[in-house]
Amino acid sequence: MIDYQRLLNDQIQEVKPSGIRRFFDIANEMENVISLSIGEPDFTTPWHVRQAGIDSLEKGKTWYTPNRGFMELRREICRYFSRRFHVEYQPEQEVLVTVGGSEAIDLCVRTLINPGDEVLVVQPSFVCYVPMVQMAHGVAKIIETKACNEFRLTAQELEEHITPKTKLLILPFPNNPTGAVMRRRHLEEIAPVIKKHNLLVLSDEIYSELTYGDEPPVSIAEISGMRERTIVVNGFSKTYAMTGWRLGYALGPAPILSQMTKLHQYAIMSAPTTAQYAAIEALRNGDEDIAYMRKQYDMRRRLVVDGFRRMGLSCFEPQGAFYVFPCIKSVGLSSEEFCEQLLMSERVAVVPGNAFGDSGEGFVRVSYSYSVKHLTEALVRIERFIQSRA
């Protein structure tokens, strides 16, 4: 018998599996389940975007692209960022097209972190950040945001967690799972702390276009003195309902992007060709698609928040992404217990808050990237479950 555990990489074995997929996988084996567990748009990729991908295939455009991505796509990314966030990037050296935003995050962390370097990770947040830091032999230091601060990072919290070993801050806003947003005034408050300690920032802005209210989305790269120390990660999955196309990108200083490109070059080669042609079309002609989907998500957001509050659950009103993060402490169950019992008794799958860090205990993540019919029925079942616990 081969002892595989002895042969496997110790660092990889220590990394925990994603807590999001657990309940999704269980739900897939059950009948009559309504799953609100996965953050995937229920919209189909807009037709004109799909058509651009189809046209590229029909014309036989199936060859490798440059490592950094098509120059045409990189130019469109720069134009988009200039138009939306008023920050200029050079397509030749400051843009890298990746296989989803997740690859861009991984490349950034591995490029910047030496063994023992400390990385500040704001939580609750998406599950990939801490494992990626661990796999790069860095040390993840958690900053727990709080509902009383609307799950935003404050300057005081940031200052309190910085040590001489701190190199990088991962800033995940709009936030998955809370839906929290850092507005311009909040970013301007933390920027002096970042500059004072000479930190770099990985700003995960994959949900930036799904920001609600009258204030437009803001990138920390817009804030004075922050462009030169920020790597922006974004992509097409959430904004254009292109999850399966697997396309993202990074923007940042040329010296950092050149090293990220080297890793990408050897590990991946280049992002999918067909997806890049589709992305060019999305950036050029997709603004109306974004506006339509944002309006639909906003309506669903209000529906779900109102539903949880009507049940008597405390529910922070999210200002971005497509998740709500209701507090379930009053039910008398842990996050895991709540999700397990809800799934078994009412056939509704949601994600325990502690999947996104210890500070998520006492909460659950509910995605509203589903139809109104789907959400309405789920709310009826959740309310019934809560009433049964009274």
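Here is a run of questions and answers about this model.

It's a predicted model, so to speak of local features pLDDT must be at least 70, side-chain atom pairs count only at pLDDT 80 or more, and totals for chains, interfaces and linings use all residues. Residues are numbered from 1 along each chain as its sequence is written, and side-chain values use heavy atoms, with hydrogens and water left out.

Q: Is serine 203 buried or exposed?
A: Start with the place: serine 203 is in strand β6, residues 200-204 (helices are DSSP runs of H or I with at least four residues, strands are runs of E with at least two, and both are numbered from the N terminus). Buried means under 20% relative accessible area, exposed over 50%, and partly exposed in between, using a 1.4 Å probe and protein chains only. Serine 203 has 4% relative accessibility, so the answer is buried.

Q: Which side chain makes a polar contact with the side chain of serine 203?
A: A polar contact is a pair of N or O atoms within 3.5 Å; within protein, one must be able to donate a hydrogen and the other to accept it, and residues adjacent in sequence count only if both atoms are side-chain atoms. Leaving aside neighbours within four places in sequence, serine 203 is in contact (heavy atoms within 4.5 Å) with residues including Leu171, Ile220 and Val232. The polar partner, at 2.7 Å, is glutamate 205.

Q: How many salt bridges are there?
A: Side chains of opposite charge can pair when their charged atoms come close. The rule here asks for a side-chain nitrogen of Lys or Arg within 4 Å of a carboxyl oxygen of Asp or Glu. One of them joins glutamate 150 and arginine 152, N to O at 2.4 Å. By this rule the count is 20.

Q: How many residues apart in sequence are the parts that glutamate 209 and arginine 294 tie together?
A: The two form a salt bridge whose closest N and O atoms are 3.0 Å apart. Glutamate 209 is in the loop between β6 and β7 (230-235), while arginine 294 is in helix α12 (residues 287-310), so the tied parts are separated in sequence by 85 residues.

Q: Which helix holds both aspartate 298 and arginine 301?
A: Their side chains meet in a salt bridge, 2.6 Å from N to O. Aspartate 298 counts as buried at 19% relative accessibility, and arginine 301 counts as buried at 5%. They sit three residues apart, about one turn, in helix α12.

Q: How are α6 and α10 oriented to each other?
A: Helix α6 (residues 100-112) and helix α10 (residues 254-267) pack with their axes 9 Å apart, at an angle of about 110°. Axes are lines fitted to C-alpha atoms, for helices over the stretch in contact, and angles run from 0 to 180 degrees between N-to-C directions. Angles under 35 degrees count as roughly parallel, over 145 as roughly antiparallel, 65 to 115 as roughly perpendicular and the rest as oblique. So α6 and α10 are roughly perpendicular.

Q: Is the crossing of α5 and α11 left-handed or right-handed?
A: The axes of helix α5 (residues 71-85) and helix α11 (residues 273-285) come within 9 Å and cross at roughly 30°, which makes α5 roughly parallel to α11. A crossing is left-handed if the near helix is turned anticlockwise from the far one by less than a right angle, and right-handed if clockwise. This one is left-handed.

Q: Which proline does a cis peptide bond join to glutamine 123?
A: Look in the loop between β3 (118-123) and α7 (129-135). Omega is about 0° for this bond, and the residue is proline 124.

Q: What is the phi of arginine 347 near?
A: Arginine 347 is in the loop between α13 (335-346) and β10 (348-349). With a relative accessible area of 29%, arginine 347 is partly exposed. Phi is positive in this residue other than glycine, near 60°.
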